[in-house]
Amino acid sequence: MLLLLVGLQAGLTQTAIGAQAVPPGNRHAEQPAVPGASVRRTKAGKTSFDVKYEKVLDLLRNDKALIGKIKKTAADYGIAPVHMIGAIVGEHTYNVDAYDSLQSYYVKAASYAGNSFRFAHDNESVSEFVARPEFSSCNGLSDSYRLWTCREQVWEATFRGKTVGGQSYPNNRFSAVFFQPFYAGQTFGLGQINPLTALMLSDLVNQKSGYKKLDEKDAAGVYKAIMDPDISLAFMAAVIRKSIDDYKQIANVDISNNPGLTATLFNIGGSQQRARALAAKRAGGGSAWPEENYYGWLINDRLDDLKGLL
């Protein structure tokens with residue numbers, strides 16, 4: 001009986017403890033270097049990071065309806081709304097310039113409606129490309145995240161920077177080669193979501209928010225989803241939810257109370273691979289923690305500003 005009680009107590013303690021919570025704040029005392037591309041893009045716009053930061057804060061501060069939508073969406077996905085605020089602020093400080101009002105995002109999204117374009121490379125659509133036998137191992141996967149992650153992995157292992165069947169393929173990301181028909185590096189809308197990311201998270205967004213599932217054959221539909229602010233917010237929340245879940249399930253680390261880390265992962269992606277790398281570091285009994293990048297560092301550093309918006 002004593003052994004049974006001890007065993008039950010140990011189990012209850014483990015359940016209560018769960019994943020280890022990452023300490024608040026930044027691991028770096030100073031902000032990591034901002035990439036040169038972001039610096040050049042900002043200089044080309046004759047602005048500065050500080051100006052862009054204040055501009056997106058003003059957008060959020062002056063739009064109570066948007067803040068209300070962020071809070072509701074965050075609740076739907078079981079995350080704190082400050083994570084979504086952090087992602088929006090980071091994107092519009094370092095990657096794009098904020099519009100003056102939310103209505104401008106709706107207008108921009110509407111400008112793409114009815115446009116005729118497709119996801120393709122060298123006149124081969126992505127739907128034709130992933131029907132090749134090299135992707136057969138992915139065919140049984142029905143979940144959109146697992147399906148498109150598998151296809152991305154096949155691209156990396158078999159096609160990226162290689163010649164297959166007499167055709168050479170660019171040494172670039174799957175999303176850049178097939179999913180950006182206008183120009184490389186383009187993301188869109190309030191949340192700056194990549195089209196491939198949207199396809200990966202389509203099932204989760206359908207489940208949580210009720211938006212229809214996306215289809216790679218309907219490129220205009222994918223762009224509408226990531227440019228329409230209302231739908232884009234759902235995809236932002238899905239990215240953050242997935243990152244938190246990946247770190248908890250794979251590395252046994254809870255990042256749900258560190259917005260700088262979720263912002264970092266929103267910026268660089270690859271939460272599964274990064275969680276696996278962290279798990280490997282911690283496997284020897286060490287206490288390695290995930291670290292924020294320049295983008296996430298700003299979010300943790302200005303957390304009082306961001307929470308003040310809510």
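**Exercise 1. Does Asp203 count as buried or exposed, and at what relative accessibility?**

Solution. The model is a predicted one, and the values below are computed from it. Step one is to take the accessibility: Asp203 has a relative accessibility of 17%. Step two is to apply the cut-off, since buried means under 20% relative accessible area. Asp203 therefore counts as buried.

The next step turns to its partner. The side chain of Asp203 meets that of Lys213 in a salt bridge, with 3.7 Å from N to O. This pair links distant parts of the chain, 10 residues apart: Asp203 lies in helix H11 (202–209), and Lys213 in the loop between helix H11 and helix H12 (219–227).

**Exercise 2. Identify the cysteines that form a disulfide, and describe their link.**

Solution. Begin with the count: the structure holds 1 disulfide. Its members are Cys138 and Cys150, whose sulfur atoms are 2.0 Å apart. Next, locate the two residues. Cys138 is in the loop between helix H7 (126–129) and helix H8 (144–159), whereas Cys150 belongs to helix H8; the two are 12 residues apart, and the pair links distant parts of the chain. Then consider the handedness: the angle about the S-S bond is -80 degrees, and the link of Cys138 and Cys150 is left-handed. Finally, as to accessibility, Cys138 and Cys150 are both buried.

**Exercise 3. Which residues touch the most other members of the largest nonpolar core?**

Solution. The core in question has 85 residues. Within it, Leu60, Trp148 and Phe174 touch the most other members. The element that gives the most to this core is helix H13 (residues 229–251), with 12 residues. As general background, nonpolar side chains in soluble globular proteins tend to be buried together.

Trp148 may then be examined in detail. Neighbours within four places in sequence are set aside; the contacts of Trp148 are then Val126, Val130, Phe174, Phe179, Leu196, Leu199, Met200 and Glu216.

**Exercise 4. Describe the setting of the salt bridges Asp246–Lys242 and Lys224–Asp228.**

Solution. The total comes to 10 salt bridges. In general terms, side chains of opposite charge can pair when their charged atoms come close.

For Asp246 and Lys242, the closest N and O atoms are 2.7 Å apart. Both residues lie in helix H13; because they are 4 residues apart there, about one helical turn separates them. Asp246 and Lys242 are both buried.

For Lys224 and Asp228, the side chains meet at 3.9 Å, N to O. Here the accessibilities must be read one by one. Lys224, at 48% relative accessibility, counts as partly exposed. Asp228 has a relative accessible area of 15% and is buried.

**Exercise 5. Where are Lys46 and Asn123 found, and are they buried or exposed?**

Solution. Consider the backbone first. Lys46 is not a glycine, yet its phi is positive, about 55 degrees. Asn123, also not a glycine, has a positive phi of about 65 degrees.

Next comes location. Lys46 sits in the loop between helix H2 (36–44) and helix H3 (49–61). Asn123 sits in the loop between strand E2 (120–121) and strand E3 (124–125).

The last step is accessibility, where the cut-off for exposed is over 50%. Lys46 has a relative accessible area of 80% and is therefore exposed. Asn123, at 69% relative accessibility, likewise counts as exposed.

How values were computed:
Residues numbered from 1 in each chain as written. Predicted model: local features only at pLDDT ≥ 70, side-chain atom pairs only at ≥ 80, totals over all residues. Heavy atoms only, no water. Disulfide = S-S within 2.5 Å. Buried < 20%, exposed > 50% of the residue type's maximum accessible area, 1.4 Å probe, protein only. Core = buried A, V, L, I, M, F, W, Y, C linked by side-chain atoms within 4.5 Å. Contact = heavy atoms within 4.5 Å. Salt bridge = Lys/Arg side-chain N within 4 Å of Asp/Glu carboxyl O.
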